[in-house]
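This report goes through selected local features of the structure shown below, one heading at a time.

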Amino acid sequence: MLQLTKNSWTIVICLSALTIPSLSQAKLADEYSVEQMLGMELKDLADLKVTVASTGPESIIETPAIVSRYDMETLSAMGLRTLKDALSFIPGVVLQDHLVGQTIVMMRGVYEGFNQKVLFLVDGVPYFMPSHSEIPLSGIPIESISHIEVIRGPGAVFYGTNATAGVINVVTKKDTNNSRLSASYGSNDKLNGGGIINHTFNEDTGLSLAFESQSDNGYDARYPAYPGYPGGTINKAEEMDSVLAKLRYKKANLLAQAFQSSANGLGSPRQINNVNTLDYTGYLLHADYGDTTGNTDWKLFTDYNNFYLKYTVLDRFGSNIPGGYRFADDGEQNFRWRSGTSANYHWSKALSIFAGVEYEERHTGAYQVYNAVTDATTAVLMPEFGLSEWSFYSQIDYTLGEKWRFLLGGRFTDNSITGTDSVPRLGAVYKIDDEQSLKLLYSVGFNTPSFTQLKADNLPEVQGNTGLTPEKIKTVDLAYSYSKGNNLFVANIFYLKAQNFIVSDRSTGTIHFYNASDFDRYGAELDYQGVLARQWTLFANLAYHAQGNSTDETDTTAIYAPKMTTALGLSYNFLPRQSIGASMRTISHRAASASLAQLNLDYQYKLDRLTLFATLRNVLDEEILSPNIGEYNPREIPGGDGINFLVGAKYTF
Amino acid sequence: MKLKMRSALLKISHTLLRSTILLFLSLFLICKTTAYAEDQTSEYKVKAVYLYNFTKFVSWPDTTLPGNTQTINICVLGKNPFGSLLEPITHMKTQDRTITIEYIEDIRALEKKSCQILFISASEQGVATELLRKTAQMPILTVSDLDGFAQHDGIIAFVVKEGKIRLEINLRAARKAGLTISAKLLEIATVIQ
């Protein structure tokens, strides 16, 4: 096992920077202001890659992955005005609440309550909690988000652990975008304020500052009765504060983000009068520097991510004494530190070779049980713990003639706890013509067990398992893509094989973690995005999951995955200033929960710099109930209000 | 004592976060507004810059743009897809003339305007054919991103190819309008005769 210190790692980075050569790439229009482009030669202008509607600068038909990309602005006009709503519009993605309040992301039917099986990135930088693998879904100011990119299927070669079911990349706006202030008021006295200020000082320097703050009086969430648990209603609210800052200077980028959020649910022992609050606190600092030398693009990066939770329940000790769980030193020791370098060498127009090396440390302070009245620590649920990890990854990208593109890649990981491992990636893209392609992709993702799964030790409540091995998901995708003008259509079928899937067992009253038997799943996804005559925008997608809602001894989590999800979004600009929009998301029934249909309506009126909007959410007034997938039982958990509204204004400058 | 310190530190971190938000708000309030534009995809940024370049690489007949004319007028007809992306171009000098921008929502108002470049927005699809018929003999550079625009006697069409904005130029329509298009512009365009 590699035993290098931080100092030697720094030397490796510096030496790499000196020895790495580099390349020239297609320039993106997003990176230039109009003023900057005015000085360009005509041929350079004609060579700029642009973002058209919701298709990305790199043509999705050429990308060797199953990717969906949605502009936040476009989704907002369809009544999807939060990051969670936007993500739930992606084919095969379901977001739902855990019993204790956090949001679980399910992709292609794969999920886990406290070790998310999707990797969350902010501008390509991984962001997750080292102790529980939680992700900051309420941590990014909404006005700072340009678009979301979601890879369905493993993305481990580039990103490492957690990218098993998929990868969510939240891409923030450039400093060349406009500045904006926004405020909204909604049902249950939900108040939200936010904004972004962008300033480009000169060609080399730009700054973005964004924030969001939300207060919420909450809605009445009904928990139906479940054997051993009478039904009832509690007030459920979500509040958050977040800030994000970006500084660009020449070829260096700095990113700083911080947030706090609070949600609630039912704490252990899950009785209706035992409400808990779940607070998340986190910040991310990231710096990178990239350049081109000769035929090689290279990059150095480092980031530090502190992220922890605090869980407080009204009756923790059985005698109406509040208490819960917290991390020692107010979470100060809960961090991830990652540094690395990567280079893409362009051997020729047809062949490029990418390679990168990373070092990461993950650490958590002691996870304590505490008495909220006396503030005393009464037990330690998990001791202070940490691990280190080296990774080396590489990929060869070869284009054969006009039609074929091949990928061969892999990632080698040396983890101080789980040992060494490697995962491959293979891909072939056949370009039928300029508008159509076929893709055959194979990739493997892995999930290192979270710290709580490994080290929790507080009987009779929970018992970690140090013998857990990283789970793997091997996926094969076959996709057909069609893109013409502003229309994009992708149809794909997938087959996945899960090995050593980490699940929890609560049947004995104590939470145990174990590696489950291997299982197979397959399904299909359809995704259409189109802008029709510039005035109509239509998005439609469908995901079918053959094993959804089925019982299988070797695949115990399939019963809680829906067999089918659909999403339809439409917006129409009428007259120069107004638009109306609608979105409908459906989830088929699973376990004891009925199917769900959520319809949102939206209206926008633009008055010079001011945009006024009104959104009606859950217009069908569906009672949103989902099975308790975080604890693998069919108890129904509420996940949102009935019909509710949001009105607001945005001022652009 | 230690607990009190932790509690105080937590309070300070919360206060810092709130203060940062307040600071940002203050920045918003005191910051002078810069160029305003609706959030656009980069597609229209590039198209805006092309419109500026057209003023440099297209020549109008002396009868319609005599030497003493002070301005070159770019008109945007219909729903404005540029937001304020054309603002940086406004008042720029080209061919010793100042560029002005006119936004025309109603086709009926077009007759009262003097346009050297007319960008026909996609919202005018229903009237585009009639409009091109009317302006065919006039020294107006018609530009649009409507499908098949150059094939239907529009002079310059913006088309998206492989993620880039490319030009289709109908030379026959340009000649009919009495316009001369520079070879530099033709070099990067697909010419439709």
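## The disulfide in chain B

The torsion about the S-S bond of B:Cys75 and B:Cys115 is about -95°, so this disulfide is left-handed. B:Cys75 belongs to strand β2 of chain B, while B:Cys115 sits in the loop between β4 (97-104) and β5 of chain B, so the bond ties together parts that are 40 residues apart in sequence. The model is a predicted one, and the computed S to S distance between B:Cys75 and B:Cys115 is 2.0 Å.

Over all chains, the structure holds one disulfide. Are its two cysteines buried or exposed? Both B:Cys75 and B:Cys115 are buried.

## Helix α3 of chain B

Helix α3 of chain B spans residues 125-135, and its buried residues include B:Ala128, B:Leu131, B:Leu132 and B:Thr135. These four cover an arc of only 100° around the axis, which puts them on the same side of α3(B). The general rule behind such a pattern is that an α-helix has 3.6 residues a turn, so residues three or four places apart point the same way.

What lies over the buried side? On the face of α3(B) turned away from the buried side are the exposed residues B:Gly126, B:Thr129 and B:Arg133.

A:His147 is part of strand β6 of chain A, which runs over residues 145-152. With a relative accessible area of 7%, A:His147 counts as buried, because the cut-off for that term is under 20%.

The side chain of A:His147 makes a polar contact of 3.1 Å with the side chain of A:Arg69 and another of 2.8 Å with that of A:Ser146. Leaving aside residues up to four places away in sequence, A:His147 touches A:Arg69, A:Tyr70, A:Asp71, A:Met72, A:Asn169, A:Val170 and A:Val171.

## A four-stranded sheet in chain A

Chain A contains an open sheet of four strands in the order β26-β27-β31-β30, with mixed pairing. Its edge strands are β26 (457-458) and β30 (502-505) of chain A, each of which pairs on one side only.

Strand β30(A) pairs with β31 of chain A (residues 511-515) in the antiparallel sense, over four bridges. Which residue of β31(A) is the bridge partner of A:Val503? The partner is A:Tyr514. In general, strands of a sheet pair through backbone hydrogen bonds, either parallel or antiparallel.

Conventions: Residues are numbered from 1 along each chain as its sequence is written. Chains are lettered from A and ligands numbered from 1 in the order in which they are written. This is a predicted model: local features need pLDDT of at least 70, side-chain atom pairs count only at pLDDT 80 or more; totals for chains, interfaces and linings use all residues. Side-chain values use heavy atoms; hydrogens and water are left out. Two strands pair if DSSP finds at least two bridges between them. Helices (H or I, at least four residues) and strands (E, at least two) are DSSP runs, numbered from the N terminus. Buried means under 20% relative accessible area, exposed over 50%, partly exposed in between (1.4 Å probe, protein chains only). The arc is that of the directions from the helix axis to the C-beta atoms. A disulfide is a pair of cysteine sulfur atoms within 2.5 Å. A polar contact is a pair of N or O atoms within 3.5 Å; within protein, one must be able to donate a hydrogen and the other to accept it, and residues adjacent in sequence count only if both atoms are side-chain atoms. Contact means heavy atoms within 4.5 Å.
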